[in-house]
Amino acid sequence: QVQLVESGGGLVQAGGSLRLSCAASRNIFSLNRMGWYRRAPGKQRELVATITGGGDTNYADSVKGRFTISRDNAKNTMYLQMNSLKPEDTAIYYCNLYTGLEYWGQGTQVTVSS
């Protein structure tokens with residue numbers, strides 16, 4: 001069993017920045033794909049970004065050029081640097097780990113005011 005704990009969410013004005021972190025309870029990062037997803041009010045959960053064990057990244061079109069996903073395998077931690085935030089980025093952000101099984105964090109709220 002793996003626990004994922006997100007942190008770093010909060011309230012920020014449009015144009016601001018936040019950095020989310022996702023810490024895993026066990027050292028299983030290095031070989032597995034991880035990602036960030038989000039669920040905005042009244043909408044379905046959507047992919048934000050993913051990163052493979054080899055460091056290959058993929059982003060939703062809506063965040064390309066503004067968000068950066070990264071991972072520190074030695075710390076069992078993944079990050080999402082979010083710049084130039086927009087009100088439409090307001091959502092609960094979830095950390096995901098795929099090992100063949102899927103694991104999810106509890107989510108962290110990001111609110112961007114206009």
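Start by selecting Cys95, which is buried, with a relative accessible area of 0%. Buried here means under 20% relative accessible area, exposed over 50% and partly exposed in between, with a 1.4 Å probe and protein chains only. The model is predicted: local features need pLDDT of at least 70, side-chain atom pairs count only at pLDDT 80 or more, and totals for chains, interfaces and linings use all residues. Residues are numbered from 1 along each chain as its sequence is written, and side-chain values use heavy atoms, with hydrogens and water left out.

**The disulfide**

A disulfide joins Cys22 to Cys95, with 1.9 Å from S to S; the criterion is a pair of cysteine sulfur atoms within 2.5 Å. Cys22 belongs to strand 3 and Cys95 to strand 9, so the bond ties together parts that are 73 residues apart in sequence. Strands are DSSP runs (E, at least two residues), numbered from the N terminus. The S-S torsion is about -65 degrees, so this disulfide is left-handed. A search of the whole structure finds 1 disulfide.

**The nonpolar core**

Next, select Leu4, Trp36, Leu80, Met82 and Tyr93. Of the 29 residues in the largest nonpolar core, these five touch the most other members. Such a core is a set of buried Ala, Val, Leu, Ile, Met, Phe, Trp, Tyr and Cys residues joined through side-chain atoms within 4.5 Å. Among the strands that each supply at least two residues of this core are strand 3 (18-24), strand 4 (33-39), strand 8 (77-82) and strand 9 (91-98).

Centre the view on Tyr93. Leaving aside neighbours within four places in sequence, its contacts include Glu6, Trp36, Arg38, Phe67, Leu80 and Val110; contact means heavy atoms within 4.5 Å.

An open sheet of 4 strands has the order 1-3-8-7, with antiparallel pairing; two strands pair if DSSP finds at least two bridges between them. Its edge strands are strand 1 (4-7) and strand 7, each pairing on one side only. Strand 7 and strand 8 pair over 6 bridges, and Asp72 has Thr77 of strand 8 as its bridge partner.

Go back to Trp36, whose bridge partner in strand 5 is Ala49. Strand 4 and strand 5 are antiparallel, with 5 bridges. Their hairpin has 6 residues between the strands, and Gly42 there takes a positive phi near 75 degrees. From Ala49, move on to Tyr59 in strand 6, which stands opposite. Strand 5 and strand 6 (residues 57-59) pair in the antiparallel sense over 3 bridges. The hairpin of these two has 5 residues between them, with Gly55 in the turn at a positive phi of about 95 degrees.

**An aromatic pair**

Select Tyr37 and Trp104. Their rings are edge-to-face, 5.1 Å centre to centre and with 70 degrees between the planes. Rings of Phe, Tyr and Trp (its six-membered ring) pair if their centres lie within 6.5 Å; planes under 30 degrees apart count as stacked, over 60 as edge-to-face and the rest as tilted. Tyr37 is buried at 15% relative accessible area, whereas Trp104 is partly exposed at 29%.

**A loop residue**

Finish at Asn32, in the loop between strand 3 and strand 4. Asn32 is buried, with a relative accessible area of 16%. Beyond its sequence neighbours within four places, Asn32 is in contact with residues including Ile51, Arg71, Leu97 and Tyr98.
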